[in-house]
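Look at the sequence and the coordinates before reading on.

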Amino acid sequence: MIQHLLDGVLTGSYLSLGAIGLTLVMHILRFANFSHAELLSLGAYIALVCDALVSGLTPFLAVKLAPLSLTGSLIIAILISMVLTGLSALLIDRLIFKRVREKGQELSMVFASFGMALIIRNVIGLIFGLSPALYSRDIAFAVILSRDPLILVKPDQVFVLIAALALMFILHLILSRTTFGYSLRAVAENPSLAQVNGVNLQRTIMAVWLIGGGLAAVAGVFYGISHQLIPVMGRDLVLPIFAATIVGGIGSVYGAVLGGFIVGIAGNMALVVLPSGYTPSVPFLLILLVLMIRPHGLFGEARA
Amino acid sequence: MIGVFSYLIFFATTASILAIAVLGLNLQWGNTGLFNGGVVAFFGAGAYGTLILGGTAQAGHLGGFGLFYPLALLGGMAAAGLMAWVVGLLTLRLRHDYLAIATFGVAVAFENLMRNAEWLAGGAKGVRGFERPLRAALGDGFIYNLFFFVVVLLILIATYMFLERLVASPFGRLLRAIREDEEAARSLGKNPARIRLMAFVTGSVILGLAGGLYGTFYAFVSPQDVLPTLTFQIWAMLIVGGAGNNRGAIFGAFLIWGAWTLSGWALSRFAPVDVQLYTGSVQFILIGSVIVGMLMWRPQGFLPERLVVSQRGKPQQTQQGE
């Protein structure tokens, strides 16, 4: 029971990071982006390549930072991947979404995002092969916190949780303390009014893609550290991160954080009552529950 | 020669069944502007419902009701409609993202349930023990397939005529009014949420009909038949054919199904053995590119919607596109 709760919190840490970017995009560009989860796999695979490059160029960084299985080169790779994934998100918007947005209606964007998800997912599969990949071949040993009840934690998981919380705190400071944060929230509230007040809409949209892509990259790597990398990981992550945004309320960053943890914990706690085969359905049940009790989520507000 | 002919019958039967499904989606997306991200769940509900209701008794899972076939098919359609009603009731009042996400979730949960719940529908092994109607009289060979194709074609024509009349009726006008401007429709005393729900359920019942026919054709359905792939294929058919145009929907179904079959055949025939494993990925990239490409360069599809402007006292005028 406590073990499931703990695992849920750890799952929640990467779901939250994924959901923050998704909720921002959904709020400001006003469409459900089904290709957001593919940014997680893109980021994870970019980090895999960068890790190999960095540790090849600077072997002294390829040493494990005990007790973690994480290496210095992977940390640098994560930073590079954040930038590259953010830029890829921007590029996809420029090349595809912007044109669809100008030609069609809001729902065309949803179709286009599904199409992009199919393309990105399968191109990754073609490049990296369909079998799983790992950042580290070594077995990460778990630390026994308690024997009765048996509670196990891997040092890597603790690192993931702390790093995720730190990133969220930085984002909180940016959103609440900087002019940029204010302009972002202004655009979300009312794009036309924000523009009248001198906020550059194009630049804000670019920033949203960069932030969303960057956080997605970290989320993808953390998923890879906790489990493994597979080209279809986006397919398995898309519903949980959507559930996180709905639970938290579309557009609310803090809602997305809380929603991510709720979805993660619910998914793991469900193992107590349901056979593990049903885990993929849990996010959907949560969505239904939220729509029945509180349709706009915990922190969301009604908006047409 | 008979081999080619019987393959063409097989191809046309599958394409016609898919065309019925595309017509159902067209009512939702083309005419009403509702995004259905879980087409396959409603299709699957029809298939599973029909086979469970019409099949013989099976040890280990639900079934064996042995209903008269048309009743079983109606039951499958009702199952799809019921599912749509529940999802629609919860989401159609909210902004349209919610419907997209919830329907996508339905498809994930449906496949997941069918794969795991052995007591319900045989789990991963699928639903067995269904006997195709009139098999005793017509056998299993070419004659039966020809007969089945004719039946499917008649149902396709009937569905097409029903939908053509529906969209030309005042109800159809109301659907377009809500799609174009919900506030305006509301100001005229219409209830958009209710009308949307009716359109969503009707479209899903048609999807269920297609699923029921599909299940009947193979006399078997398993979780492999309800993978998200089918949703993407049916969308591509509608987007390519032309959302809002029923003839476009049918044209798109035959075109995309032909392209899908041909690309699968070509990849398995000409691709080297060591990349055969990746033919699925290549096909997915193709279908994704078709969807994105159409939306970028010709969002109205090959046969665009024809908007009819009716004015009192004047003959009807037609104009192209939006």
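This is a predicted model: local features need pLDDT of at least 70, side-chain atom pairs count only at pLDDT 80 or more; totals for chains, interfaces and linings use all residues.

**The contact between chains A and B**

Chain A brings 40 residues to the contact, and chain B brings 37 residues. On the side of chain A that touches chain B, four helices each supply at least two residues: helix 3, helix 4, helix 9 and helix 11. Helix 4 of chain A gives the most, with 14 residues. By class, this side of chain A divides into 30 nonpolar, seven polar and three charged residues.

| Helix of chain A | Residue range |
|---|---|
| Helix 3 | residues 72–103 |
| Helix 4 | residues 106–128 |
| Helix 9 | residues 233–248 |
| Helix 11 | residues 282–293 |

**Helix 3 of chain B**

Helix 3 of chain B runs over residues 69–91 and has 23 residues. From its first C-alpha to its last it reaches 33 Å, close to the 33 Å expected at 1.5 Å a residue. Its buried residues include B:Ala72, B:Gly76, B:Ala80, B:Met83 and B:Val87. The buried residues of this helix pack against helix 2, helix 4 and helix 10 of chain B. They also pack against helix 11 of chain A.

**B:Val167**

B:Val167 sits in helix 7 of chain B, residues 142–168. Is B:Val167 buried or exposed? B:Val167 is buried, because 22 other C-beta atoms lie within 10 Å and the cut-off is 20 or more. Leaving aside neighbours within four places in sequence, B:Val167 is in contact with B:Asn31 and B:Gly172. B:Arg115 is 52 residues from B:Val167 along the chain, and their C-alpha atoms are separated by 38 Å.

Notes: Residues are numbered from 1 along each chain as its sequence is written. Chains are lettered from A and ligands numbered from 1 in the order in which they are written. A residue is buried if 20 or more other C-beta atoms lie within 10 Å of its own, exposed if 12 or fewer, and partly exposed in between; C-beta atoms are placed from the backbone. Two residues are in contact if their C-beta atoms, placed from the backbone, lie within 7 Å. Ala, Val, Leu, Ile, Met, Phe, Trp, Tyr, Cys and Pro count as nonpolar, Asp, Glu, Lys and Arg as charged, and the others, Gly among them, as polar. The expected span of a helix is 1.5 Å times one less than its number of residues.
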